Amino acid sequence: MQLARVVGTVVSTVKEPRMRELKLQVLRLLDENGRATGAYQVAVDAVGAGQGDVVLFAGGSSARQTGLTDGKPTDATIMAIVDSWDVHGKVVWSAAAETPS
Amino acid sequence: MQLARVVGTVVSTVKEPRMRELKLQVLRLLDENGRATGAYQVAVDAVGAGQGDVVLFAGGSSARQTGLTDGKPTDATIMAIVDSWDVHGKVVWSAAAETPS
Amino acid sequence: MQLARVVGTVVSTVKEPRMRELKLQVLRLLDENGRATGAYQVAVDAVGAGQGDVVLFAGGSSARQTGLTDGKPTDATIMAIVDSWDVHGKVVWSAAAETPS
Amino acid sequence: MQLARVVGTVVSTVKEPRMRELKLQVLRLLDENGRATGAYQVAVDAVGAGQGDVVLFAGGSSARQTGLTDGKPTDATIMAIVDSWDVHGKVVWSAAAETPS
Amino acid sequence: MQLARVVGTVVSTVKEPRMRELKLQVLRLLDENGRATGAYQVAVDAVGAGQGDVVLFAGGSSARQTGLTDGKPTDATIMAIVDSWDVHGKVVWSAAAETPS
């Protein structure tokens, strides 16, 4: 899986019938340090992620292994919202640190 | 999924029997800002996209999860025509803005 | 799918039993303008393509969706011989124009 | 499969139900000489690897071919802890040499 | 499929039970001219290839379409030992020319 941030939404009226009702989100991929890599994905959201959330998505046939996406023509699905991650014992990024409460 | 623009068509008389009757379209891949990346795909069209349309396509085994492409040797299928997309709340591209009516 | 030209053949005596009788061809990948990209694939030929032909091939599990390759360990299969393709209404390449008759 | 080192962990409270109880680890990919390539993966761990371990992971649908990950939306799974590897008869890397006992 | 040379072996004591008894080989990928590309794969060997052999391997789900690897978490499997290949009618590489007899 790769880390990414939800930055937008794709609107489509004409789509494959199996894709109806599925929200299509624009993801900016992040590297292990939390920086944007320049790559993006349009992904189906299986977990209710919102604009600005950092998420994990799965690609390929694994994108269809959720209750929402089974048998549907998606090759990228958000399957987790990330709270934080650490590298070598130090927190690289955390949602708590980013969002002032 | 990746964003792309339909720019052409591939003509083939000799093809795998399962591919008969399927239209093969040339797609130029777009980045999240709507600019051509330099990459392309030849894709089967499952939604009736036309020349110049901006579309989403799915790759790998997900390209076979449509009524049209089930069990067929395609690894790229157009599964949505894009009306618009936004990033950080601003519309990056919209079909309405591009086509004068 | 990607466009490619058949440029050679791989000879193998010791191979997985399921691969017996399958011809292995060397493909040079082409970009949308018909120029070699520098990448190659070794592919199984499901349509009787010959040396010099421009073809389409499918990768991944889609390479197994032909009568010839079902259940076999190939990840690249030629599934169409290309007659021509166009971009923005102009023919980019055609077999007829290339081969003097 | 690719070689990688376990360097961290991803924490996620909201995730696809099928991913519950699965530990998500941050992997730094290694080249054949044992050097970091700059790429990373977030992978499910099927073998009990720990921080600092060098491992092999499988991607795509192969990531689901373990007892732990069957039918789950992971596209990267650690399926072996590496003791050592050699190239041209010389040991490139070994766990024994790295960890003073 | 891609061409590669067997250059080494990975030793692993702790691995997914389904991977037991499978030999893991280090492959250096070759381009169509027989030169190393700098990329590598760790692959399961389904055909008894030895150190120094030039082989073909299949990736993704196709790596599981052999009697040895069915249902196992490998995403790269050697499915042929290469005797030779030619491009534009000239032999690029042959095992016979490389190994003095």
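How many of the interface residues of chain D are also interface residues in chain E? Only 11% of them are, so the copies meet through different surfaces. Two residues are in contact here if their C-beta atoms, placed from the backbone, lie within 7 Å. The legends below describe a predicted model, in which local features need pLDDT of at least 70, side-chain atom pairs count only at pLDDT 80 or more, and totals for chains, interfaces and linings use all residues. Residues are numbered from 1 along each chain as its sequence is written, while chains are lettered from A and ligands numbered from 1 in the order in which they are written.

View 1. Chain A has one helix and eight strands; helices (H or I, at least four residues) and strands (E, at least two) are DSSP runs, numbered from the N terminus. The order along the sequence is β-β-β-β-β-β-β-β-α. With a radius of gyration of 14 Å, close to the 13 Å that the globule rule gives for 101 residues, chain A is as compact as a globular protein of that length. The radius is taken over C-alpha atoms, and the globule rule is 2.2 Å times the number of residues to the power 0.38. The C-alpha trace of chain A spans about 45 × 25 × 25 Å along its principal axes. Of the 101 residues of chain A, 54% count as buried. A residue is buried if 20 or more other C-beta atoms lie within 10 Å of its own, exposed if 12 or fewer, and partly exposed in between, with C-beta atoms placed from the backbone. Among contacts in chain A between residues at least 6 apart in sequence, those that join residues at least 24 apart make up 48%.

**View 2. The contact between chains D and E.** Chain D gives 27 residues to this contact and chain E gives 25 residues. On the side of chain D that touches chain E, two or more residues come from each of strand 1 (2-11), strand 4 (54-59), strand 5 (76-81) and strand 6 (84-87) of chain D. That side of chain D divides into 13 nonpolar, ten polar and four charged residues. Ala, Val, Leu, Ile, Met, Phe, Trp, Tyr, Cys and Pro count as nonpolar, Asp, Glu, Lys and Arg as charged, and the others, Gly among them, as polar.

**View 3. Strand 6 of chain D and its partners.** Strand 6 of chain D runs antiparallel to strand 1 (residues 2-11) of chain E, joined by four bridges; strands pair if DSSP finds at least two bridges between them. D:Trp85 has E:Val10 as its bridge partner in strand 1 of chain E, and D:Asp86 has E:Thr9 there. Within chain D, strand 6 also pairs in the antiparallel sense with strand 7 (residues 90-94) over four bridges. In that strand the bridge partner of D:Asp86 is D:Val91. The hairpin of strands 6 and 7 of chain D has two residues between the strands, and D:His88 in this hairpin takes a positive phi near 55 degrees.

**View 4. The contact between chains B and C.** Here 25 residues come from chain B and 27 residues from chain C. Strand 1 of chain B gives the most to the side of chain B that touches chain C, with five residues. The residues of that side divide into eleven nonpolar, eight polar and six charged. Strand 1 of chain B pairs in the antiparallel sense with strand 7 (residues 84-87) of chain C over four bridges, and B:Gly8 has C:Val87 as its bridge partner in that strand.

**View 5. The surroundings of E:Gln65.** E:Gln65 lies in the loop between strand 5 (54-59) and strand 6 (76-81) of chain E. With 24 other C-beta atoms within 10 Å, E:Gln65 is buried. Leaving aside neighbours within four places in sequence, E:Gln65 is in contact with C:Arg18, C:Gly71, C:Lys72 and C:Pro73. E:Met79 is 14 residues apart from E:Gln65 in sequence and 9.5 Å apart in space, C-alpha to C-alpha.
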